[in-house]
Amino acid sequence: QKIVFLLLLYYNIKMLNIYYSDISGVDFNKSKLDDFPINRREYVNSFSNDKSRSDRIAVWLLLNYALENNGLDDKKLTFEITSSGKWFLAGKELEFSLSHSGNIIAVAISDAIVGVDVEMCAEKLLKLEKKLTSTDLSNLDKSQKIYKLTELWTKKEAIFKSGNTNKCFSSSIKDKNGANYIISVASNQTNGEFYKVNYKNLCLLTGDIL
């Protein structure tokens with residue numbers, strides 16, 4: 001995959017890769033954060049809720065995994081954050097976006113502007129039907145309606161994260177407990193590749209055995 005990435009750069013071919021991982025029941029709070037950028041370390045440590053902190057550690061590890069699999073050493077990169085809370089790579093023509101929901105974390109990387117959002121299909125989105133769409137969904141049963149609203153929500157969030165890129169696509173996945181999720185990606189690239197990553201590969205990045 002590293003060779004493919006270098007060839008894409010050489011021939012100026014656009015790239016979009018989406019990585020996701022099921023971290024059900026895994027606590028990353030004891031992970032060693034020595035290799036994290038100081039600003040990211042401070043960011044994750046600002047969360048007092050164990051689940052919130054663990055998710056943010058895990059999604060950053062997934063980003064590191066994604067970068068390494070595309071021939072980049074995260075330890076040699078400079079990560080910065082905007083006033084609106086968006087992380088980016090300084091001095092690199094590479095974009096990334098992070099998201100997490102429930103037991104699923106997701107990262108999208110591209111050489112074009114990109115936004116990713118993952119959301120677990122849940123009844124709470126039924127309350128947002130009128131805000132998400134003007135289309136009549138009465139012909140759908142409850143589970144179908146939740147699925148559709150989750151797709152609309154994640155697309156809206158992904159587009160916002162991308163800076164209002166008008167192209168967006170979605171994929172559905174399940175966690176190991178059978179819960180349904182939608183991952184939506186907004187980018188000028190529409191030929192993205194999805195990669196499922198075992199959480200154990202994330203633990204190896206910090207030398208942890210969870």
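## Ground rules

This is a predicted model, in which local features need pLDDT of at least 70 and side-chain atom pairs count only at pLDDT 80 or more, while totals for chains, interfaces and linings use all residues. Residues are numbered from 1 along each chain as its sequence is written, and side-chain values use heavy atoms, with hydrogens and water left out.

Helices (H or I, at least four residues) and strands (E, at least two) are DSSP runs, numbered from the N terminus.

Strand 1 (residues 16-22) is mostly covered, with seven of its seven residues buried. Here buried means under 20% relative accessible area, exposed over 50%, and partly exposed in between (1.4 Å probe, protein chains only). Leu 16, Ile 18, Tyr 20 and Asp 22 point one way, Asn 17, Tyr 19 and Ser 21 point the other, and all are buried.

On pairing (at least two DSSP bridges between two strands), strand 1 runs antiparallel to strand 5 (residues 104-110), joined by seven bridges. Strand 1 also runs parallel to strand 9 (residues 193-196), this time with four bridges. In strand 9, Tyr 195 is the bridge partner of Tyr 19.

Three strands make an open sheet in the order 6-8-7, paired antiparallel. Strand 6 and strand 7 (168-174) are the edges, each pairing on one side only. The twist averages 20° from one strand to the next; for angles, axes are lines fitted to C-alpha atoms, for helices over the stretch in contact, and values run from 0 to 180 degrees between N-to-C directions. Strand 7 and strand 8 (residues 180-187) share seven bridges in the antiparallel sense, with Ile 173 standing opposite Tyr 181 in strand 8.

Helix 5 lies across strand 6, strand 7 and strand 8, and runs at about 150° to strand 6. Thr 150 sits in helix 5 and is buried, because its relative accessible area is 0%. Contact means heavy atoms within 4.5 Å. Leaving aside neighbours within four places in sequence, Thr 150 is in contact with Glu 119, Met 120, Cys 121, Ala 122, Leu 125 and Ile 182.

## Loops on either side of helix 5

Leu 140 is in the loop between helix 4 (129-132) and helix 5 (142-161). Leu 140 counts as partly exposed because its relative accessibility is 26%. Not counting residues up to four places away in sequence, Leu 140 touches Lys 145 and Lys 148.

Asn 164 is in the loop between helix 5 and strand 7. With a relative accessible area of 60%, Asn 164 is exposed. Asn 164 also has a positive phi of about 75° although it is not a glycine. Most residues other than glycine have a negative phi.

## The largest pocket

The largest pocket holds about 540 Å³ of space. A pocket is an open set of points on a 1 Å grid over the protein atoms alone, where a 1.4 Å probe fits, with protein on both sides within 12 Å along at least five of seven lines; lining residues have an atom within 4 Å of a point. Grid points are joined across faces, edges and corners, and the volume is the space filled by probe spheres set on them.

Of the 18 residues lining the largest pocket, Gly 85, Lys 86, Trp 87, Leu 98 and Lys 161 are the closest to its centre. Strand 4 gives the largest share of the lining, five residues.
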